[in-house]
Amino acid sequence: MHDISGLFPAHESLGAVSVERAIAELRAGRPVMLTETAVRLLVYPAEQLDSHAADSLARIGGARLILSEQRLGRLGVERDGPGLIALPDVNLDRISALILDEDARIDSPVVPPIPAEEAALDLLRLAHLLPAALLIRLDAPVAGLNEVAGCDIRAFRARKITSLRLIGRAPVPLEGAPHSEIAVFRGGEGLRDQAAVIVGEPDLSGPVHVRLHSACLTGDLFGSLKCDCGDQLRHTVKFMAENGGGVILYLDQEGRGNGLATKIRAYGLQAKGYDTYDADEILGFGLDQRRFGYAARMLDLLGVTRVRLMTNNPKKIEALRAAGLEVSDQRIQGRPTPHNIHYLATKRDRAGHLLDVDVPTAED
């Protein structure tokens with residue numbers, strides 16, 4: 001037997017590696033085996049289910065569907081945590097309705113999960129999949145299934161913060177800010193890189209203008225009118241270029257941490273009249289899944305300890321302060337438009353964003 005432990009980076013634990021492999025398997029539509037003390041679970045992502053997988057799972061037997069507390073609430077069952085529904089048969093239509101339909105209702109008893117089953121939900125969130133999985137208790141290991149431990153899933157985010165490292169940096173002139181640089185970090189959650197844009201030459205001995213900007217493909221790149229993300233990003237670059245420089249952390253947290261596919265699903269629900277948070281709740285998510293611990297680590301690696309945060313989100317301020325940074329804030333807001341004004345008002349009213357928004361009346 002050969003010892004290959006030395007081939008893994010010194011900062012990387014084997015537990016974190018197993019979580020990353022499980023994330024890749026689930027995103028590819030393949031099951032994994034989750035272990036916790038004497039429990040073994042086959043975990044299959046509900047949104048990836050097709051007739052072939054349904055037949056295979058039905059032959060094994062004993063499948064149950066785990067759903068988040070937000071999705072259960074939408075199905076008419078109020079709980080303070082996730083719950084499980086028995087699946088006597090693995091019926092595609094029934095499962096699809098339970099995880100996606102906005103008007104569906106629970107048709108079976110709901111039982112509380114054990115820690116291993118809750119860890120399965122967290123793994124799906126890390127994989128940017130809907131928080132819904134088919135779970136089957138296993139009596140013995142199954143050949144061909146990647147194995148991941150529940151304790152490693154729970155420790156994954158904290159481990160990835162400490163393993164974050166700077167990969168490279170180079171000058172990249174930007175429109176309106178020709179003296180800029182981009183630095184790339186490997187780490188954070190999942191298998192994704194993170195970027196920092198250093199505009200000008202900020203004075204690191206004093207408070208540095210900083211923005212934590214969650215990636216928004218639709219707004220940043222395509223100029224979507226449904227949000228104010230692109231506006232905030234471009235305004236920040238211009239402001240920093242004209243006011244002594246600053247740092248933009250461009251974080252791969254599309255759709256408030258839910259992922260691009262979920263974001264587009266949520267847009268479809270918004271087109272039916274749901275607000276942004278109700279749409280996410282229908283899909284099984286809470287108000288905001290983002291975490292900013294690794295953003296604080298990026299700032300630390302860049303030598304930034306005092307921050308003037310350009311934001312309207314008080315949770316970002318709280319997160320950086322909790323990480324030990326000295327933080328003051330500078331309000332920033334994108335342009336209200338007929339397409340995003342209700343979205344902005346919803347963020348103000350339901351998530352406490354510090355926004356000055358006048359919502360027109362129905363008569364307007």
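**Pockets, cavities, patch and salt bridges**

Q: Which element gives the largest share of the lining of the largest pocket?
A: It is α8, which supplies four residues. The model is a predicted one. α8 and β12 (246-251) are the elements that give two or more residues to this lining.

Q: What makes up the lining of the largest pocket?
A: The lining residues are Leu174, Glu175, Gly176, Ile182, Val197, Asp220, Leu233, Arg234, Val237, Lys238, Ile248 and Tyr250. Each has an atom within 4 Å of a pocket point, the condition for counting as lining. The pocket's volume is about 340 Å³.

Q: How does the lining of the largest pocket divide by class?
A: Seven residues are nonpolar, one is polar and four are charged. Gly176 belongs to this lining, and Gly counts as polar.

Q: What lines the second largest pocket?
A: Pro31, Leu42, Tyr44, His52, Ala53, Ser56, Leu57, Ile60, Val142 and Leu145 do. α2 (51-60) gives the largest share, five residues. β2 (39-45) and α2 each supply at least two. The volume is about 160 Å³.

Q: How many nonpolar, polar and charged residues are in the lining of the second largest pocket?
A: Eight are nonpolar, two are polar and none is charged. Tyr44 is in the lining; Tyr counts as nonpolar here, as do Ala and Pro.

Q: Which residues lie nearest the centre of the largest cavity?
A: Cys229, Arg256, Arg290, Tyr343 and Lys347 do, out of 30 lining residues. β11 (208-214), α8, α9, α10 (276-282) and α13 (341-351) give two or more residues each. α9 gives the most, five. By class, the lining has eight nonpolar, 13 polar and nine charged residues.

Q: What makes the nonpolar surface patch?
A: Leu217, Leu221, Phe222, Leu260 and Ile264 make it, with an area of about 490 Å². α7 (217-221) and α9 (260-270) give two or more residues each. Patch members need over 30% relative accessible area.

Q: Why is Phe222 called exposed?
A: Its relative accessible area is 60%. Exposed means over 50%, so Phe222 qualifies. Phe222 is found in the loop between α7 and α8 (229-242).

Q: How do you know that Arg64 and Glu117 meet in a salt bridge?
A: The N to O distance is 2.7 Å. The cut-off is 4 Å, so the pair counts. Side chains of opposite charge can pair when their charged atoms come close. The structure holds 25 salt bridges.

Q: Which parts does the Arg64 and Glu117 pair tie together?
A: Arg64 lies in strand β3 (residues 64-67) and Glu117 in helix α5 (residues 115-126), so the pair joins parts 53 residues apart in sequence.

Q: Is Glu117 buried or exposed?
A: Buried. Its relative accessible area is 2%, and buried means under 20%. Arg64, at 24%, counts as partly exposed, because that value falls between the 20% and 50% limits.

Q: What makes Lys272 and Glu102 a salt bridge?
A: Their side chains meet at 2.9 Å, N to O, and the limit is 4 Å. Lys272 lies in the loop between α9 and α10, Glu102 in the loop between α4 (92-100) and β5 (110-111), so the pair ties together parts 170 residues apart in sequence.

Q: Why is Lys272 called exposed?
A: Lys272 has a relative accessible area of 57%, and exposed means over 50%. Glu102 is buried at 17%, because buried means under 20%.

Q: How do you know that Glu181 and Arg169 meet in a salt bridge?
A: The N to O distance is 2.8 Å, and the definition asks for within 4 Å. Glu181 is in strand β9 (residues 180-186) and Arg169 in strand β8 (residues 165-171), 12 residues apart.

Q: Which residues are linked in a network of salt bridges?
A: Arg74, Asp275, Asp278, Glu281 and Arg350 are.

Note on methods: Residues are numbered from 1 along each chain as its sequence is written. This is a predicted model: local features need pLDDT of at least 70, side-chain atom pairs count only at pLDDT 80 or more; totals for chains, interfaces and linings use all residues. Side-chain values use heavy atoms; hydrogens and water are left out. Patches are made of residues with over 30% relative accessible area and no salt bridge: like charges are joined within 9 Å, nonpolar side chains (Val, Leu, Ile, Met, Phe, Trp, Tyr) within 5 Å. Accessible areas come from the Shrake-Rupley method with a 1.4 Å probe; for residues, only the protein chains shown count as cover. Buried means under 20% relative accessible area, exposed over 50%, partly exposed in between (1.4 Å probe, protein chains only). On a 1 Å grid over the protein atoms alone, a cavity is a set of points where a 1.4 Å probe fits but cannot get out, and a pocket is an open set with protein on both sides within 12 Å along at least five of seven lines; lining residues have an atom within 4 Å of a point. Grid points are joined across faces, edges and corners, and a volume is the space filled by probe spheres set on the points.
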